[in-house]
Amino acid sequence: MIQPAISDADLRDCNTLHLPARAARLQPVDDAADLPALTDDLQRRGEPLLVLGGGSNIVFGADFPGTVLHMRTRGIELLVRSGDSVTVAVAAGEPWHDWVACALARGWHGLENLALIPGTVGAAPVQNIGAYGVELIDHLDHVVAWDTADRRWLRLSAADCRAGYRDSIFKNELAGRAIITRVAFRLTTRPEVRCDYADLRRELAARGIAEPTPQDVFDAVCAVRRAKLPDPAVLGNAGSFFRNPVLPAAAAAQLLEAHPDAPHYPAADGSIKFAAAWLIDQCGWKGIRRGDAGVHERQALVLVNHGNASAADLLGLAADIQASVRRRFGVALEPEPLILGR
Ligand code: EPU
């Protein structure tokens with residue numbers, strides 16, 4: 001049964017930055033099969049539509065004048081087991097970290113490095129979440145979505161999702177029209193670990209672990225994240241506020257000539273990815289607080305709401321950070337979360 005919508009809904013607890021905002025209607029979705037009827041009705045009434053999972057990658061810059069669909073669907077289903085490989089479908093509304101912990105407990109490996117990322121399973125393919133050397137796309141089998149524009153169900157293979165660094169088809173061609181309802185993962189029952197990422201290697205060494213199990217990697221990732229990243233339940237934030245800038249080879253060489261110590265990593269086709277956190281840190285922003293908007297004291301890439309910051313406070317701070325990084329390094333930082341109402 002479709003739950004009734006809430007009118008003039010308070011969204012403060014529906015976004016991890018805890019920004020004050022309201023939606024004309026908040027519609028819970030507990031069954032993906034209800035989506036065609038729900039979205040047809042909204043389209044008939046010409047009402048703007050926003051799909052919300054955990055609200056961990058969104059900045060409410062204004063009230064939302066339409067209906068927010070709050071995805072709350074649950075369910076984990078083993079689709080195929082073949083040799084060491086399993087394909088598992090997960091409902092969009094499942095909390096991401098709970099799914100990672102469940103997969104580990106079932107002996108389905110591959111997602112350990114992505115532990116503790118806030119948000120829901122359905123949001124994960126949109127920005128192709130990634131951390132500690134692993135990206136969602138490395139373990140994606142397919143995505144099921146309802147296309148509100150063509151009124152049909154889509155089944156996108158991993159290749160169809162055109163995943164890139166914090167990017168996918170859902171941020172491009174399918175933006176504003178596809179509602180992800182299920183994500184299927186390809187995992188392995190053979191313990192397999194990836195721990196090349198410097199922070200992770202250091203944490204495992206500090207624990208005296210030379211041959212880590214998947215559980216060790218999961219525990220180490222949780223420890224590193226807890227040490228560096230604020231818990232949104234305690235201090236409002238949306239994770240990294242900017243993407244790490246990817247520069248073409250020539251521009252990268254110029255930047256490295258002037259700043260040889262800038263942390264950087266090779267990216268696709270000869271381009272180079274720089275650490276935005278380092279650029280921001282060098283400009284002196286880490287730990288800065290302006291009213292209730294601030295820059296986290298242990299990760300310069302994370303903007304925080306100390307309590308009653310408004311979207312304007314936060315976006316003003318973000319703009320000043322961008323301007324100073326542009327002045328000092330000639331690099332344009334792009335915001336990572338979706339910013340509404342600008
Ligand atoms: N650094 C600084 N100052 C800081 C923080 C970091 O100089 O305040 C330097 C570090 O010394 C390091 C470099 O910047 O050399 C990179 O830092 P880190 O390893 O912490 O990773 P990041 O590039 O800042 C990215 C992701 C995170 C993800 C981590 C780990 C993006 C936008 N962010 O951060 O993802 O957890 O790597 O893989 O790609 C998120 O997207 O919300 C997120 C938290």
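A salt bridge is a side-chain nitrogen of Lys or Arg within 4 Å of a carboxyl oxygen of Asp or Glu. The exercises below apply this to a predicted model.

**Exercise 1.** Decide whether the side chains of Arg74 and Glu94 meet in a salt bridge, and state where in the chain the two residues lie.

*Solution.* Begin with the distance: from N to O, the side chains of Arg74 and Glu94 are 3.9 Å apart, and the cut-off asks for a distance within 4 Å, so the pair counts as a salt bridge. Finally, consider accessibility: Arg74 has a relative accessibility of 57% and counts as exposed, whereas Glu94, at 10%, is buried.

**Exercise 2.** Describe the salt bridge between Lys171 and Glu336, and classify each partner as buried, partly exposed or exposed.

*Solution.* The side chains of Lys171 and Glu336 meet at 3.5 Å, taken from N to O. Lys171 sits in the loop between strand E11 (152–157) and strand E12 (178–188), and Glu336 in the loop between helix H7 (311–329) and strand E20 (338–340), so this contact ties together parts that are 165 residues apart in sequence. To classify the partners, recall that buried means under 20% relative accessible area: Glu336, with 6%, is therefore buried, while Lys171, with 28%, counts as partly exposed.

**Exercise 3.** Which strands are linked by the salt bridge between Asp8 and Arg22?

*Solution.* The side chains of Asp8 and Arg22 form a salt bridge at 2.9 Å, N to O. Asp8 is in strand E1 (residues 6–10) and Arg22 in strand E2 (residues 22–29), and the two residues are 14 residues apart. Asp8 is partly exposed, with a relative accessible area of 46%, and Arg22 is partly exposed too, at 35%. In the whole structure, 25 salt bridges are found, and a network of them links Arg25, Asp41, Arg44, Arg45 and Glu47.

Technical notes: Residues are numbered from 1 along each chain as its sequence is written. This is a predicted model: local features need pLDDT of at least 70, side-chain atom pairs count only at pLDDT 80 or more; totals for chains, interfaces and linings use all residues. Side-chain values use heavy atoms; hydrogens and water are left out. Helices (H or I, at least four residues) and strands (E, at least two) are DSSP runs, numbered from the N terminus. Buried means under 20% relative accessible area, exposed over 50%, partly exposed in between (1.4 Å probe, protein chains only).
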